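Dear colleague,

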There are 2 protein chains.
Amino acid sequence: MKEADVVVVGGSAAGIPAATTARKHYPERSVLLVRKEEQVLIPCGIPYIFGTVGSASKNLIPDDVLEKNGIEFLVDEVTDIDRQKREITTASGEEIGYDKLVLATGSLPIVPPIPGFDKENVFVVNKSVPYLQGLMGALDGASDLVVIGGGYIGVEFAAECRKNRDVNVTLVELLPHCLMLGYDQEICSVVDHEVAACGVNVFTGEKVEEIVGDEKVETVRLASGKELKTDVVIIGIGAAANTKLAKKAGLDLDAAGGIKVDRAMKTSDENIFACGDCAGKFSFFTGKPSNIRLASIAAAEARIAGANLFESRRQNVGAIGVYAVPLGDTVFACAGLTDKDAQKNGYETVVGEAESPNRHPGCMPGAAALKVKLVFDKATSVLLGGQVVGGESAGELVNVISACIQQKMTAEDIAVFQMGTHPALTASPIAYQLVNAAETAAGAMM
Amino acid sequence: MKEADVVVVGGSAAGIPAATTARKHYPERSVLLVRKEEQVLIPCGIPYIFGTVGSASKNLIPDDVLEKNGIEFLVDEVTDIDRQKREITTASGEEIGYDKLVLATGSLPIVPPIPGFDKENVFVVNKSVPYLQGLMGALDGASDLVVIGGGYIGVEFAAECRKNRDVNVTLVELLPHCLMLGYDQEICSVVDHEVAACGVNVFTGEKVEEIVGDEKVETVRLASGKELKTDVVIIGIGAAANTKLAKKAGLDLDAAGGIKVDRAMKTSDENIFACGDCAGKFSFFTGKPSNIRLASIAAAEARIAGANLFESRRQNVGAIGVYAVPLGDTVFACAGLTDKDAQKNGYETVVGEAESPNRHPGCMPGAAALKVKLVFDKATSVLLGGQVVGGESAGELVNVISACIQQKMTAEDIAVFQMGTHPALTASPIAYQLVNAAETAAGAMM
């Protein structure tokens, strides 16, 4: 029988760093990664396949990261775990013994209870190369596309499918704005505008009632009575933990349906860890269960799980939620709680905002307005969240904000932050938005 | 007699935030800013006047930041301080009473003891519009230019003067590489290469012995015997605190020649504060005097000084030193100590490095290799410094590193950092360089 000290189930944003971290922390242990996909898609890159990147085969995680780190891998589906014997069984009938097991089985797209969702040319966002090639084929020659869901996946799909393609794209979102989980309302209005500027018809505050058609989808009927003629539908309304294997093995799940884990990422079986989309999450801020599922969180959890396999070394502090998305020339980025969510969670908040060009002087090439909004807890002055609207640099600026959040920095701390600036890369030291937003909030808290 | 509660002397990267911070923290107090320049240059933008920006008049700090914040300003030179009476006198004979005084008189370019430096067409980097217009005129029609000094100012001047101008540019640096104060040797080699790729002849490890010519400069003679024919010389070898006014007023200076200040930025006179290039500096790491002079440090110090005028509110933790520079398509950015400097200061260090594309997949537009090098203190695992070589995002990524340094984060802390990533903006969560560099160092310290 095949054996490995560590077996990792899953080969994406959680599985890979879990395996590499295990190798780094326990170099004397053998690590075997088992995944069911022949080729692994870069999950965050999936929408870009349909525009900027052009094909699924260009959006793959190369296997050399495993090879370079001395990790064996096997393409096969794990179907059973014998926790007593510490063995897994695969679809092809192989039995593999383990000392420690890491479940990184990811998530599955949520299929909404909409009548007609099973019609032909209705797609969810499955992380499978052949499935997405099917979607690509369906888009060929399509005149109309409806995207259901105005979260990150939805807006990215809508904007990317519109690129270099003569198709009429309509995005339907239930909430009053796109990206409402990440941004406060005034910024969401800018998001809606930018999605529309990408050539997408944005229908917000609209509920999909039925997907209509014979075999193939023909129209999408909204609760408001509108009928959207379409050739293809893409549903991107979120993902749920893939816990099939864990459930079958009798592992505990949490209230939100993820695999129950402690702060070491250990499941209810002391020899089994879980990380990434399949694992339960809790909020960094409130300690309450969280539904945030991001590749970046998956990777961070995996680095915790991998380090803890044979000895407790790292603790999960809870999910912050940091993400960015470019829409046209504007990048939207956020970390932590919005003002609205902070208040919903019982915080009294103080907000600081600052806007100025992201170059100095403002005539430097690439200059664009960059705005930072910071949300602080009034009681402690600690940073709870930040939102950025700007150019490309917003993608890393939000990570400065994330560092400030993780370190529980106060408005005062950030007001005297020592940042680097450069005419061609950032705002001037006088106008640096992060610091000025903090100073404004610090002033309001005095 | 004119009077103001707060008088700020100097109108640039320290003076402006000192004044605006004073207004924010003490809104009931009047603030008057006195500066000698009719127009204030953006200091970091000065090299860009000669290439990308095109003229000094496009590189000015607008006065509306003062007006919007209710700060009165006066263009005049302060010539005397009567500390007993709390009055300043200006060149035009005006006497102005103050309650608190902030000195933000900046720095003056260092003029090296090179014979011939006073010849015509030899320029230092004076922050004066008419002076720089003189340099611009001298460059018109020049066939050859020699830049002395391979620090930030020198490499920026060399690269910018070469842009859109048919001139043969030679840079002369005493040390073995350009930018040796900010980067370790292997990165400095890349810097030298990129400066050369901008069309600049790079002469490192060369000492200038004499600037030769009748009235005008004709050649620059090096200690190695080389003679560089030239029409114009620009000297950019650093700046020294401008303490003329402070000295005349009998304020204490520190050993390095800056105005002596405590951690509140207060001078030896309890009613006078100093900040920016004119003020003494100490290292965040060692507490020893530091010669780092940057607009970003000036602004941070000014935000401390302005907040402390009437009540002690903020403390200076010492200069970290964070800066970035683009050369061609490559951005070099650094924060804190290099490995070499850390060792020189008695630290035993552990280095972690990671390199991968700054996009995912690597075929996304704008993709380029991005490398992060982190330097940790082996004894405590605390981050001491970081160096980044990459694309535009390096300019803010170095601020993530700065936040980690300011918060004394360890390799372990950074290895589980929750960053945001996006295909079009950053590395993948698996390959994110900052985290992987920290993980490598954490592994080496186990």
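In chain A, the contact between two helices is made by Pro17(A), Ala18(A), Ala19(A), Thr21(A), Ala22(A) and His25(A) on the side of α1(A), which meet Ala299(A), Ala302(A), Arg303(A), Ala305(A), Gly306(A) and Ala307(A) on the side of α8(A). Sorted by class, the residues of this contact are eight nonpolar, three polar and one charged. Please keep in mind throughout that this is a predicted model.

Two packed helices are described by the angle between their axes and the distance between the axes. For helix α1 (residues 15-25) and helix α8 (residues 295-308) of chain A, the angle is about 35° and the axes are 7 Å apart, and α1(A) passes α8(A) in a right-handed crossing.

Chain B has a contact between helix α1 (residues 15-25) and helix α8 (residues 295-307), whose axes come within 7 Å and cross at roughly 35°. The crossing of α1(B) past α8(B) is right-handed, and the residues that make the contact are Pro17(B), Ala18(B), Ala19(B), Thr21(B), Ala22(B) and His25(B) from α1(B), with Ala299(B), Ala302(B), Arg303(B), Ala305(B), Gly306(B) and Ala307(B) from α8(B). By class, the contact of α1(B) with α8(B) comprises eight nonpolar residues, three polar and one charged.

How many of the residues of α1(B) are buried? The helix is mostly covered, with 11 of its 11 residues buried, and among them are Gly15(B), Ile16(B), Thr20(B), Arg23(B) and Lys24(B). The buried residues of α1(B) pack against β1 (2-9), β2 (31-35), α3 (64-68), β6 (95-103) and α8 of chain B, and also against α12 of chain A.

That brings me to how the two chains relate to each other. Chain A is superposed on chain B by a rotation of 180° with 0.0 Å of shift along the axis, and the RMSD is 0.0 Å. The two copies are therefore related as by a two-fold rotation axis. Which residue of chain A comes closest to the rotation axis? It is Val400(A), whose C-alpha lies at 2.2 Å from the axis. Both copies use the same surface, since 100% of the contact residues of chain A recur in chain B.

Between the chains, 65 residues of chain A are in contact with 66 residues of chain B. On the side of chain A that touches chain B, the elements that give two or more residues are α1, α8, β20 (322-327), β21 (330-336), α10 (394-406) and α12 (433-445) of chain A. Of these, α10(A) gives the most, with 10 residues. The residues on this side of chain A divide into 40 nonpolar, 18 polar and seven charged.

There is also an open sheet to look at in chain B, where five strands are arranged in the order β20-β21-β24-β23-β22 with antiparallel pairing. Its edge strands are β20 (322-327) and β22 (349-357) of chain B, each of which pairs on one side only, and the twist from one strand to the next averages 10°. Within the sheet, strand β21 (residues 330-336) and strand β24 (residues 383-390) of chain B run antiparallel and are joined by six bridges, and Ala335(B) stands opposite Gly386(B) in β24(B).

The last points concern the backbone. Most residues other than glycine have a negative phi, and most peptide bonds are trans. The peptide bond from His360(A) to Pro361(A) is cis, with omega near 0°, and Pro361(A) is placed in the loop between β22 (349-357) and β23 (369-377) of chain A. In chain B, the peptide bond from His360(B) to Pro361(B) is cis, with omega near -5°, and Pro361(B) lies in the loop between β22 and β23 (369-377) of that chain.

Asn164(A) has a positive phi of about 50° although it is not a glycine, and it lies in the loop between α5 (152-162) and β10 (168-173) of chain A. Is Asn164(A) buried or exposed? Asn164(A) is exposed, because 10 other C-beta atoms lie within 10 Å and a residue with 12 or fewer is counted as exposed. Asn164(B) likewise has a positive phi of about 50° without being a glycine, and with 10 C-beta neighbours inside 10 Å it counts as exposed.

With best wishes

Note on methods:
Residues are numbered from 1 along each chain as its sequence is written. Chains are lettered from A and ligands numbered from 1 in the order in which they are written. This is a predicted model: local features need pLDDT of at least 70, side-chain atom pairs count only at pLDDT 80 or more; totals for chains, interfaces and linings use all residues. Axes are lines fitted to C-alpha atoms, for helices over the stretch in contact, and angles run from 0 to 180 degrees between N-to-C directions. Helices (H or I, at least four residues) and strands (E, at least two) are DSSP runs, numbered from the N terminus. A crossing is left-handed if the near helix is turned anticlockwise from the far one by less than a right angle, and right-handed if clockwise. Two residues are in contact if their C-beta atoms, placed from the backbone, lie within 7 Å. Ala, Val, Leu, Ile, Met, Phe, Trp, Tyr, Cys and Pro count as nonpolar, Asp, Glu, Lys and Arg as charged, and the others, Gly among them, as polar. Copies are superposed by least squares on the C-alpha atoms of residues with pLDDT of at least 70 in both. Two strands pair if DSSP finds at least two bridges between them. A residue is buried if 20 or more other C-beta atoms lie within 10 Å of its own, exposed if 12 or fewer, and partly exposed in between; C-beta atoms are placed from the backbone.
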